[in-house]
Amino acid sequence: MQLDHSIMEKAEVLIEALPYIQRFNRKIIVVKYGGSAMVDEELKKQVIQDVVLLKLVGFKPIIVHGGGKEISKWVEKSGMEPRFVNGLRVTDEPTMEIAEMVLNRVNKSLVQMVNELGVKAVGISGKDGMMLKCQKRYSNGEDIGYVGDITEVDPQIIYDLLEKDFLPIICPVGFDEDFETYNINADDAACAIATAMEAEKLAFLTDVEGVYKDFQNKESLISEMSMAEAQEFVESGMLGGGMLPKLQNCIDAMKQGVSRVHIMDGRIPHCLLLEIFTNRGIGTAIMSAGEERFYHAKQAGIH
């Protein structure tokens, strides 16, 4: 009997995914969700589908999301001008109120999308369970308002949600020792949470394809690098824009026990599945020594 070639291709895709499903079963993966994938409705659906699939095949996913573009939109609607200093939003008290409102609105919309796919999600902020404690952040000595640097993570509420089979969705709002509310950079929050949870994987959805040797040359995408190579890259001064702090965050998280970090283009449909479940992903993977051994064994066909 002749089988349709497309059916066989589907079987091959599933078989290729099998070692990854086996290796990461019951392991924690933190997904930092941001960029265009949060704005485009079709991409938004695909990201949520990917995360739900990860959960249904045995992963323990946690979503940490930002809301920068949406916050700016509502700040402007309120008659104020969004201001940034060195890439950080200047957050006075009215702006903080808007940011918290918008982040909670985004949070509950993501919860609803996950629920619609038959998985129970719970949306929380860093204030819930006193999860994200922070202190005021300065930008080159300048006071930029209610912007926080995380000083302490209490992950107990996340463990409790995972134990009860919920999918946690977290917005990066924290508090200081006086219980004032602070806006936290979502990349920083994702790294801190991944570290505190001893996550196996940390995945960043961004608006670039990954890390380039030369950003002007789109052929120079680095598909994999060791933690040592990533550190050399940071110190080389070759990185620009938002990738430098992102990569440093990744390295810090890996030093604290996160096994593997993925930086990928959230504009590519189903990028999470392609990066995590295929032998050659579509973004940049930064690997610990143990992960490198697994990856190269897979490349050699050793199971």
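Let me start with Glu 70, which is partly exposed at a relative accessible area of 22%. For that wording, buried means under 20% relative accessible area, exposed means over 50%, and partly exposed is in between, with a 1.4 Å probe and protein chains only.

Before going on, a word on the model: this is a predicted one, where local features need pLDDT of at least 70, side-chain atom pairs count only at pLDDT 80 or more, and totals for chains, interfaces and linings use all residues. Residues are numbered from 1 along each chain as its sequence is written, and side-chain values use heavy atoms, leaving out hydrogens and water.

Now, what does Glu 70 meet in a salt bridge? Its partner is Arg 105, at 3.2 Å from N to O. Arg 105 sits in helix H4 (residues 93-116) and Glu 70 in helix H3 (residues 68-77), so this pair ties together parts that are 35 residues apart in sequence. A salt bridge here is a side-chain nitrogen of Lys or Arg within 4 Å of a carboxyl oxygen of Asp or Glu. Helices (H or I, at least four residues) and strands (E, at least two) are DSSP runs, numbered from the N terminus. Lys 73 joins in as well, in a network of salt bridges with Glu 70 and Arg 105.

Asp 188 and Arg 137 meet at 2.9 Å, N to O. That pair links distant parts of the chain, with Asp 188 in helix H6 (residues 186-196) and Arg 137 in strand S6 (residues 132-139), 51 residues apart. Asp 188 counts as buried, at 18% relative accessibility.

Then there is Glu 41 with Lys 44, their closest N and O atoms being 3.3 Å apart. These two are three residues apart in helix H2 (residues 41-56), separated by about one helical turn. Glu 41 is partly exposed at 48%, whereas Lys 44 is buried at 13%.

Last stop, helix H7 (residues 227-236). Which of its residues are buried? They are Ala 230, Gln 231, Phe 233 and Val 234. Seen down the axis, the buried residues of H7 fall within an arc of 160 degrees, so they line one face; the arc is that of the directions from the helix axis to the C-beta atoms. On the other side of H7, Glu 232 and Glu 235 are exposed. The buried residues of H7 pack against several elements, including helix H8 (243-255) and strand S16 (284-287), where contact means heavy atoms within 4.5 Å. Just after H7, Gly 237 takes a positive phi of about 80 degrees.

Thanks, everyone!
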